[in-house]
Amino acid sequence: MHVLSSVIRLAALSLGVMCAATAVASDATQLIDSINSYRSQAQRCAGQASLELPPLAAEPRLVLPASSNIGDLQQAMARAAYPMVNVQMISLKGPNDPQAAMKAIQESFCQVVLDPQFVDIGVSRAGREWRIVLARPLLTGGLGDWQAEGQKLLTMINSARQQPRQCGAQAFVATTPLAWNPTLATAAETHTRTMANNNFLDHKDRDGRTPGDRAELAGYSGQQIGENIAAGQDTPRKVIDGWLASPGHCANLMNPQFRELGAAYAVDPKSDAGIYWTAMFGTQ
């Protein structure tokens, strides 16, 4: 009887540990979701306006225990076998739930979570201590020329357009595929190269030109122009997944009024994000 009683207590203890671990994991997921929701809308941060940004991907190698002293952050990344170009860590003490942690991030660390160079995120929690790690990985390489990768984006976008889709609060039915337009592609490549070489991510270029201005300058006489941009993702698949998870980017992809597309990428290792992408949508 005593043995049975001990087994029952041990099982209850194991269940309690499992529940606690699940709760911590759930809190981490909730905080990542809140950060990505924050990034998905234009924000004001430190007197600057940010763009709508794609979501950060949850990366297990970036989950560093909040209760331990990890020492040098770059060495910790090496131990975790995460090949990175840049990494930044946020440490919080005091928030008792993901909502309070998110409030603290918005108040004190908005510039970090709104930095477009970061692609991956890891979150850990121990009591009222939180550790949020954001990083940009090394590019894996293997990309073709900008036109080949632009055509891959077109194929993936057309595949996405074949299915009904919810983009934030907006519902879209399946719609017609887009056709490749070399003039839009040239405008996309020019803007992408400008962003990479000048280390910025914005729909306005350094001369103040908008996507419509650039399309017209390239010789495209369009009635409607749209543009999606991205930075840091090193494959077309990652770019598309990020755009589909972002309401505004997703709406551009699914817009039935668009008929044509041109897309490109550009790399500059001296830039913060390393790699930049542009997709220009149009209707003549």
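This is a predicted model: local features need pLDDT of at least 70, side-chain atom pairs count only at pLDDT 80 or more; totals for chains, interfaces and linings use all residues.

Reader: Okay, disulfides. What makes Cys-45 and Cys-110 a disulfide?

Author: The S to S distance there is 2.0 Å. The cut-off for a disulfide is 2.5 Å between cysteine sulfur atoms, so the pair qualifies. The link is right-handed, with 80° about the S-S bond. It connects distant parts of the chain: Cys-45 sits in strand β1 and Cys-110 in helix α4, 65 residues apart. Both cysteines are buried.

Reader: How many disulfides does the structure hold?

Author: Two. The sulfur atoms of Cys-167 and Cys-250 are 1.9 Å apart, and that is within 2.5 Å, so this pair counts as a disulfide as well. This link is left-handed, with -50° about the S-S bond. Cys-167 belongs to strand β7 and Cys-250 to helix α9, so the pair ties together parts that are 83 residues apart in sequence. Number the bonded cysteines in sequence order and you get the pairing 1-2, 3-4.

Reader: Now salt bridges. How do you know that Lys-152 and Glu-149 form one?

Author: Their N to O distance is 3.2 Å. The limit is 4 Å between a side-chain nitrogen of Lys or Arg and a carboxyl oxygen of Asp or Glu, so they pass. Both residues lie in helix α5, three residues apart, about one turn of the helix.

Reader: What about Lys-238 and Asp-234?

Author: Their closest N and O atoms are 2.9 Å apart, within the 4 Å limit, so that is a salt bridge too. Lys-238, at 41%, is partly exposed, whereas Asp-234, at 4%, is buried. Elsewhere, salt bridges that share partners join Asp-205, Asp-207 and Arg-209 into one network. The structure holds nine salt bridges.

Reader: Let's pick one residue. Why is Ser-271 called buried?

Author: Its relative accessible area is 4%, under the 20% cut-off, so Ser-271 counts as buried. Ser-271 lies in the loop between β11 and β12. Leaving out residues up to four places away in sequence, Ser-271 touches Arg-136, Ala-196, Asn-199 and Tyr-276. Its side chain also reaches the backbone nitrogen of Gly-274 at 3.0 Å.

Reader: What makes β11 and β12 paired strands?

Author: Pairing needs at least two bridges, and eight join β11 to β12, so they pair. The two strands run antiparallel.

Reader: Which sheet do they belong to?

Author: An open sheet of four strands, in the order β9-β11-β12-β10, with mixed pairing. The edge strands are β9 and β10, since each pairs on one side only. Helix α5 packs on the sheet and touches β9, β11 and β12, its direction making about 130° with that of β11. Helix α9 lies across β10 and β12, running at about 135° to β10.

Conventions:
Residues are numbered from 1 along each chain as its sequence is written. Side-chain values use heavy atoms; hydrogens and water are left out. Contact means heavy atoms within 4.5 Å. Axes are lines fitted to C-alpha atoms, for helices over the stretch in contact, and angles run from 0 to 180 degrees between N-to-C directions. Buried means under 20% relative accessible area, exposed over 50%, partly exposed in between (1.4 Å probe, protein chains only). A polar contact is a pair of N or O atoms within 3.5 Å; within protein, one must be able to donate a hydrogen and the other to accept it, and residues adjacent in sequence count only if both atoms are side-chain atoms.
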